[in-house]
Structure formats: C-alpha cells, structure tokens
Amino acid sequence: MDQLVFIGTGDAMGVPRVYCECKVCMEARSTGLNRRYRSSVAVEGEEGAFLIDCGPDWRSGMERRGRRFAEHILITHAHFDHIGGLPEWADACRWLRRRGQLYAPGEVMDTIIRQYPWLSGQLDLHSLDEEGCQLAGWDIRGWKVFHGKNGFSYAYRLEKPGYAWVYCSDSIALPEAQKKPLHDLNLLVLGTSFYREKAEFATRSVYDVVEALELLDEVRPARTLFTHMSHDIDLRCNYELPGGVGFATSGLTISLHN
C-alpha cells in the first residue's frame with residue numbers, strides 16, 4: 001500500500017518567521033500546531049520510496065522521521081526552499097558511500113548544476129523530458145506551471161492503475177493549458193500561501209485559498225490538501241472549507257489508493 005507523508009507544509013520562509021511575533025508564529029513556537037517546515041513530501045510503498053523536493057529543512061525532516069538515507073529525490077524547481085538541502089543530501093551520500101538519484105526537468109537541472117556544480121560527485125543526475133520517469137512504480141509526468149513573479153515551477157502528475165494525483169506546490173493563475181492535467185484526480189496537493197492575499201498581483205507567486213477554491217470548482221479533484229502555507233494560515237481557525245478539502249500538516253500521512 002502506497003502512502004504520502006507530508007514532511008513540510010510551509011512556504012519559502014517557514015513558520016515561525018524568526019522576526020515575527022504574530023499569533024500564528026507565537027503558537028508555532030509553543031504548542032506547534034502551526035509550525036511549518038519548507039514544503040516536501042515522501043511517497044512510500046512496497047515498490048520503493050522517493051521524496052519530492054529537498055529544501056533547507058531536509059536534514060531536520062530526516063531526523064524527525066528517523067531516516068538515515070534517501071536514494072531518490074524529485075525536484076519541482078530550483079528555488080532555495082526546494083533545493084537548499086541538496087548539499088547535505090550529497091554529503092550523506094558521500095559518507096554512506098551510496099549514490100543518490102536526483103530527478104528534475106532539464107532546465108531545472110541546469111540551474112541546479114550551476115549552483116552546485118560538484119553534486120555529480122555523489123549523485124546521479126537524471127534530466128526529465130516529456131516522457132517523465134517512473135519511481136516506486138508511479139508513472140510521473142511533469143509540466144511547467146506559472147509561478148507568478150518568481151517565474152515558473154513544475155507540477156507532477158503521478159499515476160498507478162486506478163489512482164492519479166498531482167503535486168503542485170508553487171503556482172498561481174494557471175492558464176487553461178496548464179490546468180488540463182489537474183482534471184480526473186483522486187488527490188490534488190496544491191500550494192496556498194495565504195487565505196486571502198492582499199498584495200498586488202504583480203508581486204505574488206502562489207495561489208491563495210480563495211483563488212484555489214475557485215480552481216477546484218473547475219477541475220473537481222476527489223480530494224484536495226493545501227500546502228506551502230505562510231504564517232497567514234492559522235490551523236486553529238475554521239475556514240469552512242468544502243468537503244474533501246483540507247490543510248496538510250507536518251507528519252500527516254495518507255493512503256494513495258481508493
């Protein structure tokens with residue numbers, strides 16, 4: 001049986017913000033319901049396991065889960081909150097004398113190599129094309145999605161017989177062509193940094209919850225979990241989300257089957 005584990009559900013800065021004493025950050029420092037590490041998930045099953053994204057909280061995420069090695073990691077885009085843990089992963093591979101397997105679309109891989117040109121010493125680098133890849137028995141196809149002022153990211157559609165889901169952590173205002181892979185899903189994991197973001201659109205990069213709910217009315221996944229949340233989202237509040245829609249939390253584990 002395959003399962004999805006939310007290792008982190010935070011936006012680029014995580015929660016609490018070191019400088020902030022808002023009610024959400026203060027709660028995150030005390031009881032920890034709103035504590036959020038940078039967004040990452042693990043897919044685990046009888047056919048293997050892999051991670052999606054490797055941000056600067058990678059090491060602490062491994063420690064929290066009692067893991068000592070990750071062999072396969074798939075990257076959505078080359079922003080620091082999604083690749084900042086790659087040096088630590090490579091160092092773990094070096095000490096354990098085991099090769100890591102890094103997967104990313106070609107243009108994302110090119111950026112990663114420019115930033116960390118020595119990674120190939122410890123990792124095998126797999127540049128994905130339109131054919132995608134297969135990990136832990138999942139057929140995986142990526143496509144470029146609009147990331148607002150931050151340029152682009154990639155979303156991934158993962159399929160096994162009888163089950164399809166998408167991981168789309170960083171996107172906003174998707175045009176019709178980029179929405180097509182979001183149809184006919186058992187699960188959509190979607191990034192929503194704010195409940196209702198008031199900043200000018202030109203300065204934004206991720207859906208807010210209100211906009212995301214409008215998107216869900218179009219694509220109608222069976223279940224949706226929001227991730228990539230800032231300190232604007234307070235999990236103690238009742239946002240009156242529709243049925244089948246919720247917020248992911250660190251450590252949340254769900255089954256990937258009907």
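**Close-up views of a predicted model**

View 1. Gly84 has a relative accessible area of 14%, and because buried means under 20%, Gly84 is classed as buried. The residue is placed in the loop between helix H3 (80–83) and H4. Leaving aside neighbours within four places in sequence, Gly84 is in contact with Cys54, Gly55, Pro56 and Tyr116. Asp53 lies 31 residues from Gly84 in sequence, with a C-alpha to C-alpha separation of 9.3 Å in space.

**View 2. The largest nonpolar core.** This core contains 52 residues, of which Leu4, Ile75, Leu86, Trp89, Ile112, Trp138 and Trp165 touch the most other members. Helix H4 (residues 86–96) supplies the largest share of the core, five residues. A second, separate core has 23 residues, including Trp143, Val166, Tyr207 and Phe247. In soluble globular proteins, nonpolar side chains tend to be buried together.

**View 3. Contacts of Trp165.** Not counting residues up to four places away in sequence, Trp165 touches Leu4, Val43, Ile52, Trp138, Tyr156, Arg157, Leu158, Leu185, Leu187, Val189 and Leu256. Among these partners, Leu4 and Trp138 are, like Trp165, listed with the core members that touch the most others.

**View 4. The largest pocket.** The volume of this pocket is about 230 Å³. Its lining comprises 18 residues, and those closest to the pocket centre are Asp11, Ala12, Ser193, Ser205 and His228.

Methods: Residues are numbered from 1 along each chain as its sequence is written. This is a predicted model: local features need pLDDT of at least 70, side-chain atom pairs count only at pLDDT 80 or more; totals for chains, interfaces and linings use all residues. Side-chain values use heavy atoms; hydrogens and water are left out. On a 1 Å grid over the protein atoms alone, a cavity is a set of points where a 1.4 Å probe fits but cannot get out, and a pocket is an open set with protein on both sides within 12 Å along at least five of seven lines; lining residues have an atom within 4 Å of a point. Grid points are joined across faces, edges and corners, and a volume is the space filled by probe spheres set on the points. A nonpolar core is a set of buried Ala, Val, Leu, Ile, Met, Phe, Trp, Tyr and Cys residues joined through side-chain atoms within 4.5 Å. Buried means under 20% relative accessible area, exposed over 50%, partly exposed in between (1.4 Å probe, protein chains only). Helices (H or I, at least four residues) and strands (E, at least two) are DSSP runs, numbered from the N terminus. Contact means heavy atoms within 4.5 Å.
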